[in-house]
Amino acid sequence: MDRVALPVNGDDDRHALDIEFVDRLNAQVFEGHGFRGLAAMMREEREGLAEIEHADTGKPMPMAYAEVGGSIAYFELYGSFV
């Protein structure tokens, strides 16, 4: 699986993000699944997204999980209006 390295906290640390995940994300949005599709994908990748949030911000993992969960809830809410 191809990965792309993302900078973390502006230093040389890198966190790998699956290119496959980004492609699936784009497909969900551009194929008309919109916010609900994005929320479903985020739910599937919740742990990895929380790890990125933890690495990027230094937040404890429980808080990182809460941040991701909140984002999922907002995308589901926005998707219900479309």
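Which residues of helix 3 are buried? The legends below, drawn from a predicted model, begin with this question.

**Figure 1. Overview of the protein.** The predicted model contains three helices and two strands. Read from the N terminus, the order of these elements is β-β-α-α-α. Of the 82 residues, 20% count as buried.

**Figure 2. The buried face of helix 3.** The buried residues of this helix are Ala64, Val68, Ile72 and Gly79. When helix 3 is seen down its axis, these buried residues fall within an arc of 80 degrees, and they therefore line one face of the helix. On the face of helix 3 turned away from the buried side lie the exposed residues Pro62, Ala66, Tyr74 and Phe81.

**Figure 3. The length of helix 3.**

Figure 4. Phe35, Tyr74, Leu77, Tyr78 and Phe81 make a nonpolar surface patch of about 550 Å². Helix 3 gives the most to this patch, contributing four residues. Tyr78 counts as partly exposed because its relative accessibility is 39%, a value between the limits of 20% for buried and 50% for exposed residues.

Figure 5. A search of the whole structure finds three aromatic pairs. In the pair formed by Phe35 and Phe75, the ring centres are 5.7 Å apart and the planes meet at 25 degrees, so the pair is stacked; the cut-off for stacking is an angle under 30 degrees. This pair links distant parts of the chain, since Phe35 belongs to helix 1 (residues 19–44) and Phe75 to helix 3, 40 residues apart. Phe75 is partly exposed, with a relative accessible area of 22%. Phe35 and Phe75 form one aromatic cluster together with Tyr74 and Tyr78.

Figure 6. The structure holds three salt bridges. In one of them, Glu76 is joined to Arg43, and the closest N and O atoms are 2.4 Å apart. Because Glu76 lies in helix 3 and Arg43 in helix 1, the pair ties together parts that are 33 residues apart in sequence. Both partners are partly exposed: the relative accessible area is 32% for Glu76 and 46% for Arg43.

**Figure 7. A network of salt bridges around Lys59.** Which residues are linked in a network of salt bridges? The members are Glu53, Lys59 and Glu67. Lys59 forms a salt bridge with Glu53, in which the closest N and O atoms are 3.4 Å apart. The side chain of Lys59 also meets that of Glu67 in a salt bridge, with a distance of 3.0 Å from N to O. Lys59 is partly exposed, with a relative accessible area of 21%. Glu67 is partly exposed as well, with a relative accessible area of 36%.

How values were computed. Residues are numbered from 1 along each chain as its sequence is written. This is a predicted model: local features need pLDDT of at least 70, side-chain atom pairs count only at pLDDT 80 or more; totals for chains, interfaces and linings use all residues. Side-chain values use heavy atoms; hydrogens and water are left out. Buried means under 20% relative accessible area, exposed over 50%, partly exposed in between (1.4 Å probe, protein chains only). The arc is that of the directions from the helix axis to the C-beta atoms. Patches are made of residues with over 30% relative accessible area and no salt bridge: like charges are joined within 9 Å, nonpolar side chains (Val, Leu, Ile, Met, Phe, Trp, Tyr) within 5 Å. Accessible areas come from the Shrake-Rupley method with a 1.4 Å probe; for residues, only the protein chains shown count as cover. A salt bridge is a side-chain nitrogen of Lys or Arg within 4 Å of a carboxyl oxygen of Asp or Glu. Rings of Phe, Tyr and Trp (its six-membered ring) pair if their centres lie within 6.5 Å; planes under 30 degrees apart count as stacked, over 60 as edge-to-face and the rest as tilted.
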